[in-house]
Amino acid sequence: QVQLVESGGGLVQAGGSLRLSCTASGRTFRSYAMGWFRQAPGKEREFVAAVSWSGGNADYADSMKGRFTISRRYHENTVYLQMNSLKPEDTAVYYCAVKMGNDLTSRGYEYDYWGQGTQVTVSS
């Protein structure tokens, strides 16, 4: 019903920046929140950030606050994750996700659709 495609990952030096994009397509007859999660090798999936349908409300994991910015234009189907001051520990596969409805949540199981992920690698 909803398909998600992420892009923008790659290799970057510590302290550098990347901008991830995620575009949702398909039949969306109601509002939905969009979020980013990440998973490093051998680690469990971790919440990164989420933004409401309106783009006016956002939530971040504590370790990302001040470095990452999630953005979304009003009722658009593309979400961005601007990542600054990247650290080696940010290395992971980053996944875009959609949750039907406008409410935000950091709980992955509440999201309804997931993208395939994009690799972010931060070198020392």
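**A network of charges**

Modeller: Salt bridges link Arg38, Glu46, Arg67 and Asp90 in a network. Keep in mind that this is a predicted model. The general idea is simple. Side chains of opposite charge can pair when their charged atoms come close.

Start with Arg38 and Asp90. They form a salt bridge, and their closest N and O atoms are 2.9 Å apart. This pair links distant parts of the chain. Arg38 is in strand β4, while Asp90 is in the loop between β8 and β9. The two are 52 residues apart.

Now stay with Asp90 and turn to Arg67. Their side chains also meet in a salt bridge, at 2.7 Å from N to O. Arg67 lies in the loop between β6 (58–60) and β7, and Asp90 in the loop between β8 and β9, so this pair ties together parts that are 23 residues apart in sequence.

Are these residues buried or exposed? Both Asp90 and Arg67 are buried. Asp90 counts as buried because its relative accessibility is 0%. Arg38 has a relative accessible area of 7%, which is under the 20% cut-off, so Arg38 is buried too.

Compare another pair. Asp62 and Lys65 meet through their side chains in a salt bridge of 3.2 Å, N to O. Here Asp62 is exposed, because its relative accessible area is 65% and the cut-off for exposed is over 50%. In total, the count comes to five salt bridges.

Ser31 is 59 residues from Asp90 along the chain, and their C-alpha atoms are separated by 30 Å. Ser31 is found in the loop between β3 and β4. With a relative accessible area of 24%, Ser31 is partly exposed. Leaving out residues up to four places away in sequence, Ser31 touches Trp53, Met100, Gly101 and Asn102.

Then look at the nonpolar side chains. In soluble globular proteins, such side chains tend to be buried together. The largest nonpolar core here has 35 residues. Leu4, Met34, Trp36, Leu81, Met83 and Tyr94 touch the most other members.

Take Leu4 as an example. Not counting residues up to four places away in sequence, Leu4 touches a list of residues that includes Cys22, Ala24, Met34, Cys96, Val98, Tyr113 and Trp114.

Finally, step back to the whole chain. There are zero helices and eleven strands. The radius of gyration is 13 Å, close to the 14 Å that the globule rule gives for 124 residues, so the chain is as compact as a globular protein of that length. Along the principal axes, the C-alpha atoms fill a box of roughly 45 × 25 × 20 Å. Buried residues make up 42% of the 124 residues. Take the contacts between residues at least 6 apart in sequence: 58% of them join residues at least 24 apart. The chain exposes about 6400 Å², and carbon and sulfur atoms supply 44% of that area.

Technical notes:
Residues numbered from 1 in each chain as written. Predicted model: local features only at pLDDT ≥ 70, side-chain atom pairs only at ≥ 80, totals over all residues. Heavy atoms only, no water. Core = buried A, V, L, I, M, F, W, Y, C linked by side-chain atoms within 4.5 Å. Buried < 20%, exposed > 50% of the residue type's maximum accessible area, 1.4 Å probe, protein only. Contact = heavy atoms within 4.5 Å. Helix = DSSP H or I, 4+ residues; strand = E, 2+ residues; numbered from the N terminus. Salt bridge = Lys/Arg side-chain N within 4 Å of Asp/Glu carboxyl O. Rg over C-alpha atoms; globule rule 2.2 N^0.38 Å. Areas by Shrake-Rupley, 256 points an atom, 1.4 Å probe, with all protein chains shown as cover.
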